[in-house]
Amino acid sequence: MSIQRISQRFLARLPRRLAEAIYSGAGRIPRIHRALEAEYATMLDTAPVARPGGDHEVFDRLPDQGLAHDYLLATLASLAGGEQDHWDGGQASGAVYHGDTEHIDFLNQVYALHSQSNPLHVDVWPSGMKLETEVVAMTAAMLGGEENDDEIVGTVTSGGTESIIMAMKAYRDRSQIRRPEMVIPDSAHVAFDKAAHYFGFRQIRVPVAADFRADVDAMARAVTRRTVVVAGSAPGFPHGVIDPIPELSEMARERGIGFHADACLGGFVLPWAERLGYEIPAFDFRLPGVTSLSTDTHKYGYGAKGTSVVLYRGRSLRHKQFFVATEWPGGLYYSPSMAGSRPGGLVATAWAAMVSMGESGYVAATRRILETGAMVRAGIAEIPELRILGDPLWVIAFASDAVDVYEVMARMAERGWSLNGLHHPPAVHIAITLRHTQPGVAERFLDHLRQSVAEALASGSEPQTGSAPMYG
């Protein structure tokens, strides 16, 4: 059982008031802290540590003499091979979003061509500016930029977390409020927590509604004169449901507040789902209240890890993301994101993935993913001990009132499945990728899930209890 599952199981079974105390920082109280440490110690004693398979040499200091390239390449190939066996067959939730050998080989060639590129030095690698500019432009056009009178601009970051962090920095700096606030649904990504920690926000997390979507009225009531940004997800990571972005963004616009649409998971799926005839609510720059948006080119954009795009409505807001130092003895220093030097090779893979897929490629991939998602969702719904949370399309979360859902996840892990555990409420989800659309994978998942539920039920495991803590 992983550390993550241990933590989820432990926190999920706590009384809600104690869970709230932990979330609000009362876990630092000595008596509570000692109780938590004792509980964790008991659980960790029985937790196996994940290690690569095989007998690999361990390096805890530099070798006296450098080792031969052939030996090191063989070692790395052995490490990668064992791990690829796990995800290549579609056993992992999310993680690898394309995974086709030809596609991977192509991206590896692209990276090799630009492995020395560093966008920090645009005079040496002007190609980096071309590729980043085009990645941003293509992403903006896909997400309502072409239908918008305002200029949509942005940058490439290292992933969705950095995209969200950069957007929050921009709102903080634009506001000039000493202790600004962000209002977000409880299901919003933990990257918002990071941004609040790094940049001094007061974070107001609002419990979601019964359908696991953001509660617009509750979020509106949470807004104060110090609120500088409201956010919603399309879809949210835990439950895969799309927040009411039109209503949330309009509420923010009416109050003169920025609104960030977190489309890290859905930005490269939802536009094509809409084209395929699915009823997808607007979530992008077609909505006048959306002032920034994040989406991941390294997820369903099918680029290499890790790249993402953060977009803004207008250059003035994007300007607040940048960092400039004018008095450093090393000269004028400018950086558009958290990193100074950035891997130009990864920007190149994002560009190459997008241009090689094209609209037709993304539409075809989205069709396969959504059809597989519908199959998986229908199969889960037929298992009487499980219930699906919300109304998801391809990131499907399920809970149970009859059996310990974490026990089900553990038994799925024994069968080789790597799923995502959730809590508040206790649940598990699977994020469907192209790996799951391979013949027989969805059927195998559902068969193993039925077996795992039956085994957990026969073992006498009881359902976990737990609900979302209240924030204010």
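This is a predicted model: local features need pLDDT of at least 70, side-chain atom pairs count only at pLDDT 80 or more; totals for chains, interfaces and linings use all residues.

1. The nonpolar interior deserves attention at the outset. In soluble globular proteins, nonpolar side chains tend to be buried together. The largest nonpolar core in this model has 86 residues, and the members that touch the most others are Tyr300, Phe445 and Leu449. The element that gives the most to this core is helix α13 (residues 344-381), with 13 residues.

2. Which residues are in contact with leucine 449, leaving aside its neighbours within four places in sequence? They are Ile380, Ile383, Leu386, Phe398, Val408 and Met412.

3. The model contains ten aromatic pairs. In one of them, phenylalanine 322 and tyrosine 334 have ring centres 5.4 Å apart and planes at 85 degrees, so this pair is edge-to-face. Phenylalanine 322 sits in the loop between α12 (315-319) and β8 (323-325), whereas tyrosine 334 is part of strand β9 (residues 333-335). The two residues are twelve apart, and their pairing links distant parts of the chain.

4. Are the two partners of that pair buried or partly exposed? Phenylalanine 322 is buried, because its relative accessible area is 17%, which falls under the 20% cut-off. Tyrosine 334, by contrast, is partly exposed at 43%.

5. Another edge-to-face pair is formed by tryptophan 328 and tyrosine 333, with 6.1 Å from centre to centre and 85 degrees between the planes. Tyrosine 333 has a relative accessibility of 25% and so counts as partly exposed.

6. Most residues other than glycine have a negative phi, and most peptide bonds are trans. Where does the model contain cis peptide bonds? One runs from alanine 234 to proline 235, with omega near -5 degrees; proline 235 is in the loop between β4 (227-233) and α10 (245-254). A cis bond also joins lysine 305 to glycine 306, with omega about -5 degrees. Glycine 306 is located in the loop between β6 (292-295) and β7 (308-313).

7. Positive phi values are found at phenylalanine 212, at about 70 degrees, and at histidine 424, at about 55 degrees; neither residue is a glycine. Phenylalanine 212 occupies the loop between β3 (202-206) and α9 (216-222). Histidine 424 lies in the loop between β12 (420-422) and β13 (427-431). Phenylalanine 212 is buried, because its relative accessible area is 13%. Histidine 424, with a relative accessibility of 8%, also counts as buried.

Methods:
Residues are numbered from 1 along each chain as its sequence is written. Side-chain values use heavy atoms; hydrogens and water are left out. A nonpolar core is a set of buried Ala, Val, Leu, Ile, Met, Phe, Trp, Tyr and Cys residues joined through side-chain atoms within 4.5 Å. Buried means under 20% relative accessible area, exposed over 50%, partly exposed in between (1.4 Å probe, protein chains only). Helices (H or I, at least four residues) and strands (E, at least two) are DSSP runs, numbered from the N terminus. Contact means heavy atoms within 4.5 Å. Rings of Phe, Tyr and Trp (its six-membered ring) pair if their centres lie within 6.5 Å; planes under 30 degrees apart count as stacked, over 60 as edge-to-face and the rest as tilted.
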